[in-house]
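These are my notes on one structure, written as I looked things up.

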Amino acid sequence: MTQTSLDLPSPDGQPADPSRPHRPRVFDRVSERSLESLALGVGAVSFVVVALVAMVAFGFQAAPISGPGSVGQFAAIASGVVAFLAVIGGRILAHRQGVHRRLKPLDYVDVAALAFAHAVIALLGWTLLAVILEDAFIGAEVFALPVLILAGATSAMTAYLAFYSATHMDLQLLAVVLAVFLVFGVLASMLTASDPNWWKDNLSALGMSSNVSAFAFNITIIVAGFLVTTLARYSTRGIPTTNPHGIARVRVSLIVVGVFLGMVGLFPVDRFFALHTSVASGMVVAFGVLVIALPRWIPSMPRAFVALGWLFLAVTLLLAVFFFIGYYTLTAVELVAGILVFTWIVLFIRNAAALAQDARREPSAG
């Protein structure tokens with residue numbers, strides 16, 4: 001695992017207590033061969049279990065590629081379940097082989113949110129692939145034996161990748177998972193929206209109804225909020241700064257962004273208009289404060305990144321002006337602003353990791 005792994009220090013930045021006895025290890029945490037073997041084993045078990053379930057579900061009969069009762073639908077659902085379980089198992093194992101501290105409630109929330117994100121990515125990813133293949137092989141059916149092989153193979157690949165991701169999770173990978181999860185979740189909600197003209201109102205209109213599309217959108221936003229708070233707590237460790245309160249203020253600002261993002265999904269706009277609008281506006285304000293105050297809170301932050309933050313903020317404000325004069329729709333403003341904010345967060349993680357790495361090297365160099 002890398003030096004920025006989520007398993008090394010605790011969220012408060014304190015290292016593991018070396019006086020505490022180590023538990024017996026299932027494998028050597030620093031051995032990539034052991035991790036690879038274990039990931040392959042998880043994939044193999046998933047293949048066998050899912051193939052057997054598919055045999056019972058399809059009765060060893062042919063099935064369509066996608067749609068209700070198809071091999072694509074079965075494989076996508078099975079892969080989602082497998083990804084969820086593989087991530088939970090991988091994170092628990094990584095914790096036991098890493099820092100020996102008592103898990104806190106937020107740790108369990110982090111693991112659950114991470115597992116759910118991987119499950120959604122697997123579910124929507126395989127569903128999309130099945131739909132594409134259905135359009136490529138119009139009217140084709142999958143024979144009985146390939147049904148079992150395809151269902152088992154998709155689950156095996158998903159289990160392998162999810163377990164590997166969970167045991168090698170670091171800030172950069174977590175940021176990628178967040179971005180992919182958001183794109184897949186929101187895109188799925190757009191494609192299944194019951195109102196084809198939702199975009200004429202705003203992005204939050206996707207979460208207004210009581211159908212599956214609205215549920216998918218709201219859950220996506222809520223889980224994304226949890227992941228942002230996770231990134232906030234871990235990405236701000238070890239950053240050198242001359243401001244004694246700078247790191248804490250950056251962390252609080254990022255947590256506010258994550259909490260408000262989750263509340264956007266928790267309180268749909270059609271039922272909680274005032275609260276929904278308040279937290280959505282508060283999220284933008286928190287991001288603006290963070291961008292403006294970042295040079296004072298972390299003076300060592302690269303100037304290029306600081307300037308980029310100002311540029312992103314200026315573009316967001318300009319788009320807001322375009323909306324108020326009727327030139328842009330609110331949906332366009334929200335989409336562009338959301339992309340800019342999450343791009344900034346990903347870049348902040350990379351710059352923060354670079355500063356922390358340089359700080360670790362300086363004492364040894366001296």
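What volume does the second largest pocket have? I read a volume of about 870 Å³ for the second largest pocket. The structure is a predicted model, in which local features need pLDDT of at least 70 and side-chain atom pairs count only at pLDDT 80 or more, while totals for chains, interfaces and linings use all residues. Residues are numbered from 1 along each chain as its sequence is written, and side-chain values use heavy atoms, with hydrogens and water left out.

**Entry 1: the second largest pocket**

I noted the terms before going further. On a 1 Å grid over the protein atoms alone, a pocket is an open set of points where a 1.4 Å probe fits, with protein on both sides within 12 Å along at least five of seven lines; lining residues have an atom within 4 Å of a point. Grid points are joined across faces, edges and corners, and the volume is the space filled by probe spheres set on the points.

I found 34 residues lining the second largest pocket, and Leu123, Leu124, Thr127, Ala188 and Thr192 are the closest to its centre. At least two lining residues come from each of α2 (71–97), α3 (105–136), α5 and α6. Helix α3 has the largest share, nine residues.

**Entry 2: the largest pocket**

The largest pocket holds about 1200 Å³ of space. I count 41 residues in its lining, and Leu203, Met283, Glu334, Ala337 and Gly338 are the closest to the centre. Two or more lining residues come from each of α5 (171–191), α6 (212–235), α7 (246–266), α8 (273–297), α9 (303–324) and α10 (330–365). Helix α10 gives the most, 11 residues. The lining of the largest pocket divides into 31 nonpolar, nine polar and one charged.

**Entry 3: the chain and its confidence**

I recorded 10 helices and two strands in the protein chain; helices (H or I, at least four residues) and strands (E, at least two) are DSSP runs, numbered from the N terminus. Along the sequence the pattern is α-β-α-α-β-α-α-α-α-α-α-α. Of the 366 residues, 45% count as buried, where buried means under 20% relative accessible area, exposed over 50% and partly exposed in between (1.4 Å probe, protein chains only).

The mean pLDDT (the predictor's confidence in each residue, from 0 to 100) is 81, and 87% of residues reach 70 or more. Confidence is highest in α4 (residues 144–167), at a mean of 93, and lowest in α10, at 79. Over residues 8–30 the pLDDT is below 50, yet this stretch has 36 contacts in the model beyond near neighbours in sequence; contact means heavy atoms within 4.5 Å. Where pLDDT is low, predicted coordinates should not be read in detail.

**Entry 4: cores**

The largest nonpolar core has 67 residues, with Leu227, Ile298, Trp344 and Phe348 making the most contacts inside it. A nonpolar core is a set of buried Ala, Val, Leu, Ile, Met, Phe, Trp, Tyr and Cys residues joined through side-chain atoms within 4.5 Å. Beyond four places in sequence, Leu227 is in contact with Ala113, Leu114, Ala117, Leu174, Leu178 and Phe181. I also found another core of 14 residues apart from the largest one, including Ala54, Ile65, Phe74 and Ala159.

**Entry 5: single residues**

Is Ser189 buried or exposed? Ser189 lies in helix α5 and counts as buried because its relative accessibility is 0%. Leaving out residues up to four places away, Ser189 touches Leu206, Ser213 and Phe217.

Ile221, in helix α6, is buried too, with a relative accessible area of 8%. The C-alpha atoms of Ile221 and Leu182 are 7.5 Å apart, at 39 residues' separation in sequence. Not counting residues up to four places away, Ile221 touches Leu182, Leu261, Gly262, Val264 and Gly265.

Last, I checked Phe60, in the loop between α1 (32–58) and β1 (63–64). Phe60 has a positive phi of about 55° although it is not a glycine, and at 42% relative accessibility Phe60 counts as partly exposed.

Definitions and conventions. Ala, Val, Leu, Ile, Met, Phe, Trp, Tyr, Cys and Pro count as nonpolar, Asp, Glu, Lys and Arg as charged, and the others, Gly among them, as polar.
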